[in-house]
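Hi,

Here is the structure I promised to pass on.

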Amino acid sequence: MPINHWSRFGLLLGLLLVSACSPDAPPPSSVQRVDGHLDAQGLLSYDPSDYHETRQGTPGGTLRVSAALDTGTFDVHSSYHGNVQWLARIVYDCLLYQDENGKISPWLAKSWDVSPDGKTYTFHLRDDVTFSDGEKFNAEALRVNLEHMRDPATKSPLAAAYIAPYVDGRIIDDYTFEAHLREPYSPFLYVLAQSWLSMVSPKQIREAPKSIAEHPIGSGPFVLQSYTREQGATFTRRADYHWAPPVTRHIGPAYLDRIELSIVPEAMTRYSTLQSKRSDFTLDAPAQNTAAMRASQNLVVRNRIRMASPYRSLTFNTLRFPFDDVRVRKAVAQAIDRDGLAWIAGFGEFLPKSDYLAVNTPFYDPAYRDVLKYDVDAANRQLDEAGWTARDAEGYRVKNGRRLSAHLLGFESPPFPSSVAVAVQADAKKVGMQFIIEMMPLAQLTDRRTAGNYDAIGGGYWHTNTPDGLYILYHSDSRASPTKSGNNLSNLSDPRLDQLLSAARRSHDPRELQALYSAAQQRLTEVVPAVPDFESQVLIAYRTAVKGLIFDTVHNTPFFTSVWLDQEAP
Amino acid sequence: MKPTNPVASGLARAGLRSPPGPLPGNPALRAMLGLLRRPTRASPLATRGDATVRPGLALAWLFLIALLLAAIAPHWLTGVDPLAAAARNAYLPPSSSHWLGTDENGRDVLARLIHGVRPSLLMGLVSTAIGLGVGIILGLAAGLGPRLVDGAIMRLIDVLLAFPDLLLALVIITFWGQGLWITLIAVGVASIPRFARMVRAQTLVVRDAPYVEAATTLGRHRAAVVLRHVLPNAIKPILILATIGIGHNIITGAALSFLGFGASPPAPEWGSMLAMGRNYLANAWWLVAWPSVAIILTVVSITAIGRDWLARSEGKSR
């Protein structure tokens, strides 16, 4: 009927012609769905049973796992990829582990001694551990691994830096190793528990180091059977494995026969395959689908926080205009609505953050969590005080004929989706500051970063298992130079902060460490090298048939050795 | 299309297969066009004079006019700033305050759709103009020039035709970098082969027409014969087909911006709106639905109008 056509047209035209006016909706509910207990002081603690096996599982079955990204290599010493956190635990073991309270505990090393001057570490190793090629794990294997980590040919971006103070080692007997450090370095034992410092077969390191990338030989609970870049990998159980970390309370080989890992970059696909039983487990649960997954009878969502540095919305280049002025940096930090950012990126799963250490990091001090909180009035006052009082035609602040404007570089990635860049831009505009967004491929961003050619860089986090992450990100020794790489993107060089962080590296006394790290956290809120936005979180989801899941005490990622599949498994 | 189509018959005489474009090959789109073309029987509007007003076509025109209005003066259609982000308002479903909902930055989807018209239409028009302009030059040179030139140009065109449009555009972007203008040129260049081939085929038909022969016999200058007689007669049906090509190029442009080769954020663009929205398909359907509907309606409208013109030019309209 023609009348229908015309009324349809009227509707269409109506839709087009009338503009919608929008009063602000109430802010989204900020129900926190983080695992663990967040107390009134803002400290987070987890149930100890998250970290050890509570009942024996049933052996057998294949676990189908999906992850968003491929690590690209199994040579964990040459990688800084976040996936290594859980991936290395499948094929490798570490020298040390941590207990439920974060204290260093045994794994391949039964015990250790530290000399009074803090420069000599003696490790007493297990004598019953073998790699899957039959090689024995012993003092020589440990020495070869430490050498491989710092071998320039390995091009290690992480492991080498973590053991930088290591000078040399002495093999006292087959199962006793003495490590000599250049200077006292209290994080040493902690970093040895991290996945990036896993133990690789010494035979493979000596004879075919290039083959580690695709055919790794470790001493772990599973053996890599096949690996196709950007597609996936298959792991099979090692029947003679019996050296899981004592803290996990797991005895004997892993329960699962096989793990099939698929690389699935599309968030929707990871969600829908899980929902339709075509996979059992995803290591990168899409935040946008967690509400539906939590509502489902058959799915479990877990949300864990990584220790050390939270996600940053941006890091300032403190050498460049306009961020050479700390008042401008502080104003930007106060202008960015972290609750909003946490909502658009995390759908209520992410914990907003405006200080510099994750809530579950040892020596985290919640006293300064609100110093840089969202406060538009304070931000405007800071900018006025800094002399940015005049405004141009577009509403941006100007001083001496120069607009308050900066370029924000970014790479589209989970910590920094372009929606976060746009939100930062919109928030800054509200206080009269212009951000010009430049999203670019990672290679181009790395070039600009290496050349120091940036005003501000979006995104980034630094996960480590000690508060020494602050040294890596903000100590003046960590600045990049033409001769050495570094992760202090802000180029901050603050003598007071340097002194605190250096002193903390030398100390083993918990009370002294607490005092030093508290002071460092306070100092960071005064010098504002970056704007944290939310905690660095691990979102995983799995079908209820998956049982026995425990978390890695070091990385808070899944530890597959104790996982088993229930009878009702599909 | 009936064999009376001058392009098709010209191609037949030139011994060529029917060109691959510019009609969209999508069966669903063809079905929709079929619906739009079906004459209305017993329509009260049909009594107005001789003209039968087909509601589908009228809707297409009205939609196109609305699009042009949105492209020229988007602020007349919406008072909302398409860049006004408010993170706490993100992912709101369609409601009375946000008719089509809000996006991942709390921006009004309707305002962004309206402001996204300009880049989309610009993509269609400018890239088609580039393709048509270069295509005419190459086609005329091939159709009228010496055999050697014809052979060289047509082999080049054959090589280019071997690449799908999108792939060719991607190759160009890879070589010359990203940006709105590079994307426009890339899509334009990708459509050159189609137009060049049509112009050549048409030129071959017109070249031997009696009126061209007459002009040559009368001693007109060769350039004058080409410009006054060959070009206008060869180009007319192609211009009409070019309107349909605009729709095709809008889709290619949206596809490129979907793949992340369009304008950088926060510029409103339909393709990039789709690309962002697809991650939220399960919980915020409106982020994908509205840009998709806008692209489909735009392409269907332009194609319907182009086909109507084509039919009229063949003297068998309605």
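Below is what turned up, starting with how to read it.

This is a predicted model, so to speak of local features we need pLDDT of at least 70, side-chain atom pairs count only at pLDDT 80 or more, and totals for chains, interfaces and linings use all residues. Residues are numbered from 1 along each chain as its sequence is written, chains are lettered from A and ligands numbered from 1 in the order in which they are written, and side-chain values use heavy atoms, with hydrogens and water left out.

Chain B first. It has 13 helices and 0 strands (helices are DSSP runs of H or I with at least four residues, strands runs of E with at least two, numbered from the N terminus). Of its 318 residues, 51% count as buried (under 20% relative accessible area, with exposed meaning over 50% and partly exposed in between, using a 1.4 Å probe and protein chains only). Take the contacts in chain B with a separation of 6 or more: 70% of them come from residues 24 or more positions apart (contact means heavy atoms within 4.5 Å).

Now a helix pair. Helix 11 (residues 222-258) of chain B packs against helix 13 (residues 286-313) of chain B at about 170 degrees, with the axes 8 Å apart (axes are lines fitted to C-alpha atoms over the stretch in contact, and angles run from 0 to 180 degrees between N-to-C directions). That makes the two helices of chain B roughly antiparallel (over 145 degrees; under 35 is roughly parallel, 65 to 115 roughly perpendicular and the rest oblique). Among the residues in contact are B:Ile240 and B:Gly247 of helix 11, and B:Val299 and B:Trp309 of helix 13.

Next, the cores (sets of buried Ala, Val, Leu, Ile, Met, Phe, Trp, Tyr and Cys residues joined through side-chain atoms within 4.5 Å). The largest nonpolar core has 199 residues, and A:Phe123, A:Phe235, A:Phe281, A:Phe435 and A:Phe560 touch the most other members. Helix 13 of chain B gives the most to this core, with 9 residues. Another core, of 22 residues, lies apart from it and includes B:Val199 and B:Ala215.

Finally, which residues does A:Ser419 touch, leaving aside those up to four places away in sequence? They are A:Ile344, B:Glu104, B:Asn105 and B:Met276. A:Ser419 sits in helix 12 (residues 418-430) of chain A and is buried, at a relative accessible area of 1%.

Cheers
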